[in-house]
Amino acid sequence: MQQLFRRHLRLCRVHEGERVVVLSQGRRRENYAEAFLYAARDLGARAYHLRLPEGLPTDGTWAVGASELAHNPEAVAALSRADLVIDCVFLLFSPAQMAIQEAGTRVLSAVEPIELLARLFPTPEHRERVEAGAELLAKASTLRFTNPHGTDVTYRLGAYPTITEYGYTDQPGRWDHWPAAFVFTGGADDGVDGEIVLGPGDALLPQNTYVSGPVRFRIERGFITDIRGGLDAELIRSYMESFRDPRGYGMSHVGWGLDERAHWHGLWPPSFPGGMGMELRSVYGNVMFSIGPNNELGGPNDTACHLDIPMRDCSLFLDDEPVVIDGDVVVEEMKPAGSRR
């Protein structure tokens with residue numbers, strides 16, 4: 001494990017004299033924390049461990065953005081003085097993470113099972129392909145995606161930045177998640193309209209489950225106005241209603257995956273318990289839309305109600321130009337090197 005983490009920290013350009021802080025909570029992932037510490041010190045960094053006490057759930061399942069750092073400004077200040085924070089807790093969407101990034105500290109989340117970290121180890125080639133996708137997405141004014149089940153939804157773009165995830169971070173203030181290989185942005189707060197229809201086998205995250213039948217979302221001016229279907233729709237409605245927050249029905253980010261090594265069956269059976277479904281988010285050619293908070297993009301919605309929904313066999317268009325057709329990426333610069341013309 002230490003050698004694997006050392007290879008990864010080299011991608012993050014950890015070098016002699018850098019300040020690296022590993023953040024963990026209780027006994028969770030303490031083997032990761034120790035291996036990262038030794039790996040960083042092998043590279044000459046000054047590495048430290050900040051361990052939070054057990055407390056609020058912070059795996060993102062029920063309340064994204066919740067962490068023990070919310071009431072610990074001294075810890076946030078200490079993390080903000082680091083060059084790199086290794087986050088083994090999962091701070092995404094939290095004010096603490098945003099404050100740390102604003103200080104210029106780069107942040108790496110590492111919470112997936114070790115088997116996935118090894119199999120989906122990030123590469124410079126994946127970074128190039130993700131950045132090629134980001135270049136196209138940043139120029140577009142509209143994103144539309146469809147599927148055979150009846151999806152037809154359009155996002156008006158330009159309000160929010162384009163975000164890349166390729167599994168490592170070597171730039172000040174940048175966050176990334178190991179493993180990851182996808183690109184996304186958000187529609188304008190009132191600029192998403194249409195219908196999204198999930199088909200059997202599409203996934204719900206962080207519930208880490210597949211839907212068994214059609215679920216139909218009606219979206220008007222950036223908010224879900226109707227959810228219809230069978231048991232899956234009832235469970236989704238129940239989950240979202242439990243937050244008692246109308247902002248939970250807002251549309252958040254949308255994008256597509258670019259890792260040909262990622263498996264769609266990664267949630268079935270649950271061979272590696274404890275993960276957050278990063279494998280499905282990265283599956284090559286999947287289109288994923290998100291419901292709930294958009295503060296990660298700089299938006300005003302910081303609701304704790306959050307769903308990521310990767311979908312299969314979609315077609316995605318930027319300004320009516322095809323990017324993904326029936327689940328296959330058609331832009332040469334985003335294809336794996338061995339499959340390009």
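**Figure 1. Contacts around Thr-169 in the predicted model.** Leaving aside residues up to four places away in sequence, Thr-169 touches Cys-12, Leu-84, Arg-106, Val-107, Leu-108, Arg-174 and Asp-176. Thr-169 itself sits in the loop that runs between strand E7, residues 163-165, and strand E8, residues 175-177. Its side chain reaches the backbone oxygen of Arg-174 at 3.0 Å, and Arg-174 is also one of the residues in the contact list. Thr-169 has a relative accessible area of 0% and is therefore counted as buried, the limit for that class being under 20%.

**Figure 2. Glu-131 in helix H6.** Glu-131 belongs to helix H6, which comprises residues 124-139, and with a relative accessibility of 34% this residue counts as partly exposed. Although Glu-131 and Ala-181 are 50 residues apart along the chain, their C-alpha atoms are separated by 9.9 Å.

**Figure 3. The whole chain as the setting for both views.** The chain contains eight helices and 20 strands, and its C-alpha atoms fill a box of roughly 55 × 50 × 40 Å along the principal axes. The radius of gyration is 19 Å, which agrees with the value near 20 Å that a compact globule of 341 residues would have. Buried residues account for 57% of the 341 residues, and of the contacts between residues at least 6 apart in sequence, 70% join residues at least 24 apart.

Note on methods:
Residues numbered from 1 in each chain as written. Predicted model: local features only at pLDDT ≥ 70, side-chain atom pairs only at ≥ 80, totals over all residues. Heavy atoms only, no water. Helix = DSSP H or I, 4+ residues; strand = E, 2+ residues; numbered from the N terminus. Buried < 20%, exposed > 50% of the residue type's maximum accessible area, 1.4 Å probe, protein only. Polar contact = N/O pair within 3.5 Å; in protein donor to acceptor, adjacent residues only side chain to side chain. Contact = heavy atoms within 4.5 Å. Rg over C-alpha atoms; globule rule 2.2 N^0.38 Å.
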